[in-house]
Amino acid sequence: METPTQFFSTPIYYVNAKPHLGHAYTTIAADVATRFKQMDGYDTYFLTGTDEHGDKIVQAADKEQQSPREYVDQISRLFQDLWPKLNIGNNQFIRTTHPDHIRVVEMLLTRIHDRGDIYFSSYEGLYCFGCERFYQERELVDGKCPDHGVAPSAIKESNYFFKMSQYQDWLIDHIKTHPGFIHPKQYETEILSFLKEPLEDLCISRPKSRLTWGITLPFDDNFVTYVWFDALTNYISALGYPDGPLFTKFWPSARHFVAKDIIKPHGIYWPIMLKAAGIDIYNGLNVHGFWNVSGSKMSKSIGNVTDPVAVTDRYGVDAFRYFLMREMVFGLDANFTEDVLVSRINSDLANDLGNLFSRVLSMNLKYFKGRVPDPSGTDFPDLSLETDAQTTIQHFKDVMAAYEFHKGVEVIWGFISRMNKYIDTHEPWRLAKEPDERLRLEAVIGNLLEGLRTVACLIYPVMPETSAKMLRGLCMVLPETGFFPLEEIGKWGQMSARACLEKPDSLFPRVDVLKKTAH
Ligand code: ME8
């Protein structure tokens with residue numbers, strides 16, 4: 001059977017400020033999804049990068065008294081350096097200032113222009129410089145841009161326009177006939193409701209008299225390309241459109257991760273751009289909600305822009321990844337507070353998982369000198385944990401395939417909690433005192449060790465470091481890929497006849513609540 005493929009992307013982030021919690025979340029979610037698909041037998045490709053043209057960037061560079069070129073190099077580097085620290089396994093990092101990308105944008109513009117879907121016209125409208133787009137009167141809140149809270153400026157300009165309106169009915173039909181194209185459902189509803197209003201044609205140029213930091217239009221060098229038209233194209237330029245092997249292999253399976261702030265460009269402009277250029281439409285869009293910090297929107301003026309580097313330096317990468325996946329219901333908003341992070345580390349990680357791991361390994365050392373008993377070969381067959389593990393793996397697979405990461409974590413922690421109960425029910429310390437119960441003790445400890453192996457394998461997408469650490473502690477030889485395929489995990493008895501003689505390190509030290517420092 002041919003190996004299925006999966007291409008995931010994150011937005012390419014603007015380089016007008018340092019990376020923050022929101023950027024980290026989307027990128028970690030896409031990384032978790034990629035690792036999960038790999039466990040499920042897929043050949044994957046994972047793309048992230050930076051969006052480096054446009055007014056916003058010029059303004060930020062001016063503020064720092066740097067040239068745009070110097071400035072984008074410096075901020076893009078911060079993103080590129082952050083991802084390895086968060087254990088992000090992206091295959092490529094794209095920058096929109098790279099010549100290969102620029103060539104594809106020119107190619108796409110030429111194609112759409114040649115097909116007659118781009119026209120020149122003069123336009124008068126309300127322009128928000130922060131958003132780099134024109135607004136309709138009805139979109140404003142109290143006469144102001146809803147994102148920036150400033151009144152847009154009245155501008156009259158001649159520009160190039162992309163005839164989006166003629167694709168409106170096609171797009172509505174495409175969304176309705178492709179369930180899951182926009183996921184979760186509430187965002188599909190939101191896009192369909194935008195599409196109930198007549199779609200305006202999209203202004204895709206900016207005159208060089210106003211902005212030069214962009215890609216010159218291939219058919220008129222007095223203009224640069226609108227930054228969104230440039231940015232969206234990254235998803236195909238990175239794969240080597242039109243005929244690169246990555247494009248042929250991965251484009252049919254493309255799924256983009258974004259937050260709700262940018263569903264309009266992704267859910268409307270992008271599919272229409274592809275359609276107009278005669279390129280297959282991407283496979284799907286995964287939209288998540290917004291992180292607030294301590295109950296407020298993240299903002300520089302409030303001073304609550306959470307730095308992922310500071311959080312991971314303090315609490316560790318896996319704790320951070322775990323918290324983000326556990327705390328946000330994919331699609332809804334969530335709240336980040338250090339107190340909740342600390343209490344999750346102490347209860348879920350140090351207590352439920354960490355204690356279970358060290359208790360079981362210590363009992364195995366104490367009662368069997370580290371030799372791992374085979375639970376299936378004993379006279380006391382007890383299938384409860386094995387059956388439970390198999391159901392857990394299937395459940396995990398179903399929810400992760402539906403991008404319900406919080407449920408994936410909950411499913412694993414449900415199993416962890418049942419393993420802790422299994423210990424309390426069977427009381428191995430009591431069995432150890434009864435010579436007649438030796439075989440039963442073997443079965444109980446053997447089952448617990450197999451259960452821990454199952455947990456160690458399943459947490460891989462969310463906590464790759466902890467997964468490897470647990471598997472090392474269980475004396476499992478890690479495959480070169482770093483993970484065990486999903487279909488192999490449920491097989492009981494994989495650890496028997498090994499010797500685990502080392503006392504395990506603690507997986508997650510408790511955080512002293514009084515000593516924790518604010519970020
Ligand atoms: O929009 N909560 O770049 P951007 C969750 N360059 N996610 C958040 C967030 C928050 N509070 N804040 C930001 C752009 N994000 C364009 C994209 S793509 C062709 C061009 C994340 O730097 C989330 O993924 O403003 C959101 O969609 C993205 O950062 C916006 O990043």
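Predicted model: local features only at pLDDT ≥ 70, side-chain atom pairs only at ≥ 80, totals over all residues.

Trainee: How many bridges join E9 to strand E11?

Mentor: Three bridges link E9 with strand E11 (residues 220–225), and the two strands run antiparallel.

Trainee: In what order do the three strands of the open sheet lie?

Mentor: The order is E9-E11-E10, with antiparallel pairing. Strand E9 (205–207) and strand E10 (216–217) are the edge strands, each pairing on one side only.

Trainee: How should I read a pair of packed helices?

Mentor: Two packed helices are described by the angle between their axes and the distance between the axes. Here, helix H2 (residues 55–63) packs with helix H3 (residues 68–85) at an angle of about 95 degrees, and their axes are 9 Å apart. Angles of 65 to 115 degrees count as roughly perpendicular, and H2 and H3 are therefore roughly perpendicular to each other.

Trainee: Which residues of H2 and H3 make the contact?

Mentor: H2 contributes Ile57, Val58, Ala60 and Ala61, while H3 contributes Pro68, Tyr71 and Val72. By class, the contact of H2 with H3 has seven nonpolar residues, no polar and no charged.

Trainee: Let us turn to the ligand. How many residues surround it, and which are the closest?

Mentor: The ligand is surrounded by 19 residues, of which Pro11, Gly22, Thr26, Asp51 and Ala259 are the closest. The shell around the ligand comprises 13 nonpolar, four polar and two charged residues.

Trainee: Which helices and strands each supply at least two residues of that shell?

Mentor: They are strand E1 (5–14), helix H1 (21–39), helix H7 (227–232) and strand E12 (254–259).

Trainee: How is the chain divided into domains?

Mentor: Domain 1 spans 5–288 and domain 2 spans 336–500. The C-alpha centres of domain 1 and domain 2 are 43 Å apart.

Trainee: How many residues of each domain are in contact with the other?

Mentor: In domain 1, 13 residues are in contact with 13 residues of domain 2. H1 provides eight residues, the largest share of the side of domain 1 that touches domain 2. That side of domain 1 divides into six nonpolar, five polar and two charged residues.

Methods:
Residues numbered from 1 in each chain as written. Near = placed C-beta within 6 Å. Helix = DSSP H or I, 4+ residues; strand = E, 2+ residues; numbered from the N terminus. Nonpolar A, V, L, I, M, F, W, Y, C, P; charged D, E, K, R; others polar. Pairing = 2+ DSSP bridges. Axes fitted to C-alpha atoms, helices over the stretch in contact; angles between N-to-C directions. Parallel < 35°, antiparallel > 145°, perpendicular 65-115°, else oblique. Contact = placed C-beta atoms within 7 Å. Domains from an automatic or database assignment.
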